[in-house]
Amino acid sequence: MELIWDGLREAFRILGTGDRDVWEIAIRSLLVSGSATAIALIFGVAVGATLAFRRFPGRNLAVVLVNTGMGLPPVVVGLAVAILLWRSGPLGQLGLIYTPGAMVVAQAVIAAPLVTGFTVAALGALPPRLRPQLYALGASRLQMLWLVLQEARMPLLAALMAGFGAAISEIGASLMVGGNLSGETRVLTTAVALAVQRGEFAPAIALSIILLTLIFLVNLVLTGVQQRERPS
Amino acid sequence: MTKIALRDIVVRRGGVEILRVPWLDLREGEVLAVLGPNGAGKSTLLQVLALLERPAEGEVRFDGEAVAGRELALRRRLAVVFQESLLLNRSVEANVGLGLSLRGVPRRERADRVRHWLARFGIDGLAKRSARSLSGGEAQRASLARAFALEPEVLLLDEPFSALDQPTRESLLEELATVLQETSVTTVFVSHDRNEAARLADRVVVLAEGQLRQVGLTADVFTAPADETVAAYVGVETVIPARVLEVSDGLVTLQVGEAKVEATAESFVATEALLCLRPEDIVLALSDVAGSARNQLRGVVRGIRSAGAEVRVEVDCGFSLVASITKRSLEELGLEVGSPLVASFKATAVHLIPRGGERRTLASDADDVH
């Protein structure tokens, strides 16, 4: 019990005094996972809309692959991205391995299937005749796409939350391609793991509280947007 | 003036032909009804006219010019109302103004037109409400207002009332008829309900199995169907094979079952025919009546069934025919199954579809079907 109490007390002291290292790690986490989610969103909406609206050979297989990707183990993603970005690997020239950039790539790969899968489901749930109706109302292709995305905004924001949640909470891939370098690639999850390994429970608890708060705040904002109804 | 012309149109889905229209003109200012059973290709025809479906073969012309490559610009001169209201999750007024904002119509003009058409369809009180909160009838009113607010050159309606309950459907049909008359907008009205078509349409197209069966003035198609399918579809309930006995002076005598029937027809050359009788053209009486009806057939009631305010009486008079009378005359005549009676109808009420021999060209659609 004492371990927990001491840990909690120390954690709130760290949070209260605004330990520079801790906040730096939190901000880096937010930036890396935010960028990864943004990339996953652009990719996921584009691919998801194509899969939802187009009929082509292999479409069903593609949807199965996306759904499989929704459960992609982060360590496998980490391994694949590490091989690609390794100095002697195919994309080694980019010099991304052990940089935040490599972590963004890995987390985007993890989040993209989630956003894609949710997008396919969200757009697929719209009435089938909605698109012809929008075209008939004089919408161009882009106007049509913008209107259906707005119409499916609730489930699409759920897709965004799921993508961000997966990105910020994964550890395996970030560890492998980022290396957990202090001041460079250390993020909340890798920092917690390292602290626990060292038996330093207080900073681990402090970092975990920050991680949970961050996820809570992001979801609070997104849910606020999601539930905000138009004039009734 | 022809507004939209279809030439040699073939539409395929997954390699299967689902619609073939060799020739169809939508004339400026007319209301054209497209009738036919489910799966006949009615909606596909509407999608071709709405420039939403590009046919595999053939040409669509708008105001005499091919549409290829100009679909978006031309679609902005049309409006379509589907069976489902398909409103977006926004306020009613935002929905009604949607087509206008897609066209970049300035806000003030948009608001004016939206207000006008909301009021025209009696839903101005719902302007600020969320479209999700509307009843089926209200939503379809909003959908109609959304279409009319565009002041389209051509209005395309795809079974707009078939998802509504009967009273709503009837009142909305009447409102639409009035608005169509006022605006005299060129209109295509897809329906599987012949009464709706009869109420609204100047001309009728009948489709079955993806083929154009008949095109003509509404009255002509309803009284002189081109074939059995069309006959069944436009409400001719008695369609029986008959043999031609004699043709003279525009009068054809036919053997129908055990009875003889006279019909008017000019230049009838076939030896076999299908005899078509609309139930409302048959008069039932208890004994022979002095009247102008050439055909008076003695028979027996075989069945009686209720059809709305009316009653359908099936009579065996050497062949089986179906007559329509009011509930009141049923009581007055005291008819029941087995009652003897006399069924009479005029020679002009009989429509003949030639079978075998040479096919007669139908006067009503000679200028439409080539």
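This is a predicted model: local features need pLDDT of at least 70, side-chain atom pairs count only at pLDDT 80 or more; totals for chains, interfaces and linings use all residues.
How many helices and strands does chain B have? Some notes on that and on what goes with it.

1. Ground rules. Residues are numbered from 1 along each chain as its sequence is written, while chains are lettered from A and ligands numbered from 1 in the order in which they are written.

2. Overall picture. Chain B has 11 helices and 20 strands; helices (H or I, at least four residues) and strands (E, at least two) are DSSP runs, numbered from the N terminus. Along the principal axes, the C-alpha atoms of chain B fill a box of roughly 70 × 45 × 35 Å. Of its 370 residues, 44% count as buried. For that label, 20 or more other C-beta atoms must lie within 10 Å of the residue's own; 12 or fewer makes a residue exposed, anything in between partly exposed, and the C-beta atoms are placed from the backbone. Take the contacts in chain B between residues at least 6 apart in sequence: 68% of them join residues at least 24 apart. A contact here has C-beta atoms, placed from the backbone, within 7 Å.

3. Where they touch, domain 1 of chain B gives 12 residues and domain 2 of chain B gives 8. On the domain 1 side, β10 (211–217) and α9 (218–223) of chain B are the elements that give two or more residues, and β10(B) has the largest share with 4 residues. That side divides into 6 nonpolar, 3 polar and 3 charged residues. The classes are: Ala, Val, Leu, Ile, Met, Phe, Trp, Tyr, Cys and Pro nonpolar; Asp, Glu, Lys and Arg charged; the others, Gly among them, polar.

4. An open sheet in chain B. Five strands line up as β15-β19-β16-β17-β18, with antiparallel pairing; two strands pair if DSSP finds at least two bridges between them. The edges are β15 (283–285) and β18 (320–326) of chain B, each pairing on one side only. From one strand to the next the twist averages 45 degrees.

5. β15(B) is joined to β19 (residues 340–345) of chain B by 3 bridges, with B:Val283 partnered by B:Ser344. Between β16(B) and β19(B) there are 6 bridges, and B:Asn295 has B:Phe345 as its bridge partner. β16 (residues 295–307) and β17 (residues 310–316) of chain B share 7 bridges, and B:Ala307 stands opposite B:Glu310.

6. Helix α1. Is α1 (residues 42–49) of chain B mostly covered or mostly open? Mostly covered: 8 of its 8 residues are buried, among them B:Lys42, B:Ser43 and B:Gln47. After α1(B) comes B:Leu51, with a positive phi near 60 degrees.

Technical notes
Two residues are in contact if their C-beta atoms, placed from the backbone, lie within 7 Å. Axes are lines fitted to C-alpha atoms, for helices over the stretch in contact, and angles run from 0 to 180 degrees between N-to-C directions.
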